[in-house]
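Thanks for coming, everyone. Let me put the model up, and then we will walk through it.

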Amino acid sequence: MAHKVLITDPLSEEGIHPLLQSEDFTADIATDLTPEELKIRITGYDALLVRSQTQVTRDLIEKAVNLKIIGRAGVGVDNIDLEAATENGIIVVNAPNGNTNSAAEHTMAMLMALARNIPQAYLSLKNQQWDRKKYVGTELKNKTLGVIGLGRIGAEVAYRARGQRMNVMAYDPFLTEEKAEAMGLDYGSVQDVLKAADFITIHTPLLKETRHLLNKEAFEIMKDGVQIVNCARGGIIDEEALYDAVLSGKVAGAALDVFEEEPFYDNKLLDLPEVIATPHLGASTVEAQENVAIDVCADVMHFLVSGAVNNP
Ligand code: NAD
Ligand code: MLT
């Protein structure tokens, strides 16, 4: 009998093509189910494929009596209750590599847009203002970029920032002084990075240890006029503390792709002209979406057919 797969977030059509074509699988796409509808629907499926929108809660997992595997087309698995999945014998696989380049490019786009006030100047021009004085920016060259979290995306951003002739200081629990030196980076503790940086970019997962890593105390030790980029996860920055830090002028600007609550239609940070934002677009390229869908489908199909896991 064919293995039944339910897809509840939009995934690249090219990426899921092999799954849709194979006679070994029946795949249903249902991207507008309410949580209550999903709890009823899930019972018949062997696999669930999601991106970041579907909240795979304990409640849902406990209703998923046939579920064997959850595939996450992307990196962060913070929308999946991993403990509940493990307790119920359900494997969780993600696609950690396919969107690294897109997320790093988006981070650089945000950094440059922030430094040169591009979104603000564009809006002003659209409103028939020709204001060259108001939008004087800052060069990146010779400035220090603090990178917190030097994993796949953090390392790609650091590499690109060196190309912009920035000095880069990084902190990651797994980074050593020797490795940093080999990569042409300065090595420091979180505190060192916070104190030294003109721009700070975060690339950690959202964990208990990283929740509100950038909080009131962290903003206080930063340089006056520091600028912040977050293309990792909402919740790593305490949004209330960031709001106060921008209002006081301590933080000169922030570029945010991710938020404590998503999706949202009203966030007071966006009332501040110094804050620029995108609606979680870091991985939203044709290439990245194809890559992560291909990777996660391959892992889920392999597991359902063979019982073996490529990417636990
Ligand atoms: P990764 O696992 O390769 O790297 C994360 C790094 O953070 C690791 O090197 C880890 O050692 C480090 N880290 C963990 N705890 C830390 C701490 N307390 N302080 C400093 N560093 C710490 O992950 P990645 O693929 O580089 O992804 C990074 C983040 O970007 C994740 O949160 C991911 O969900 C997010 N992401 C967002 C988008 C987007 O669309 N905006 C796209 C892709 C990934
Ligand atoms: C990820 O963790 O992969 C990103 O946030 C992108 C996404 O969810 O699509």
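Helices here are DSSP runs of H or I, at least four residues long, strands are runs of E, at least two long, and both are numbered from the N terminus. Lys195, for example, lies in helix α9, residues 190–196.

Some housekeeping. This is a predicted model: local features need pLDDT of at least 70, side-chain atom pairs count only at pLDDT 80 or more, and totals for chains, interfaces and linings use all residues. Residues are numbered from 1 along each chain as its sequence is written, while chains are lettered from A and ligands numbered from 1 in the order in which they are written.

Back to Lys195. Lys195 has 15, so it is partly exposed.

Now the sheets. Two strands pair if DSSP finds at least two bridges between them. One open sheet has five strands, in the order β2-β1-β3-β4-β5, with parallel pairing. β2 (25–29) and β5 (91–94) are the edge strands, each pairing on one side only. From one strand to the next, the twist averages 20 degrees. Inside this sheet, β1 (residues 3–7) and β3 (residues 47–50) pair in the parallel sense over three bridges. Ile7 stands opposite Leu49 in β3.

Contact means C-beta atoms, placed from the backbone, within 7 Å. Axes are lines fitted to C-alpha atoms, for helices over the stretch in contact, and angles run from 0 to 180 degrees between N-to-C directions. Helix α1 (residues 13–21) touches β1 and β2, at about 135 degrees to β2. Helix α12 (residues 286–306) lies across β1, β2, β3, β4 and β5, at about 165 degrees to β4.

The other open sheet has seven strands: β8-β7-β6-β9-β10-β11-β12, again with parallel pairing. β8 (186–187) and β12 (275–277) each have a single partner strand, so one side of each lacks a neighbour in the sheet. Strands β9 (residues 199–202) and β10 (residues 226–230) pair over four bridges, with Phe199 opposite Gln227 in β10. Helix α7 (residues 152–163) packs here, touching β6, β7 and β9, at about 165 degrees to β7. Helix α11 (residues 239–247) lies across β11 and β12, at about 140 degrees to β11.

Next, the core. A nonpolar core is a set of buried Ala, Val, Leu, Ile, Met, Phe, Trp, Tyr and Cys residues joined through C-beta atoms within 7 Å. The largest has 90 residues, and Val5 and Val300 are among those with the most contacts inside it. Helix α12 gives the largest share, nine residues.

Last, the ligands. A residue counts as near a ligand if its C-beta atom, placed from the backbone, lies within 6 Å of it. Ligand 1 has 31 residues around it, and Gly76, Gly149, Gly151, Ile153 and Gly282 come nearest. Helix α7 gives the largest share of that shell, three residues. Ligand 2 is surrounded by Arg51, Ser52, Gly74, Val75, Gly76, Asn99, Gly282 and Ala283.

Note on methods. Two residues are in contact if their C-beta atoms, placed from the backbone, lie within 7 Å. A residue is buried if 20 or more other C-beta atoms lie within 10 Å of its own, exposed if 12 or fewer, and partly exposed in between; C-beta atoms are placed from the backbone.
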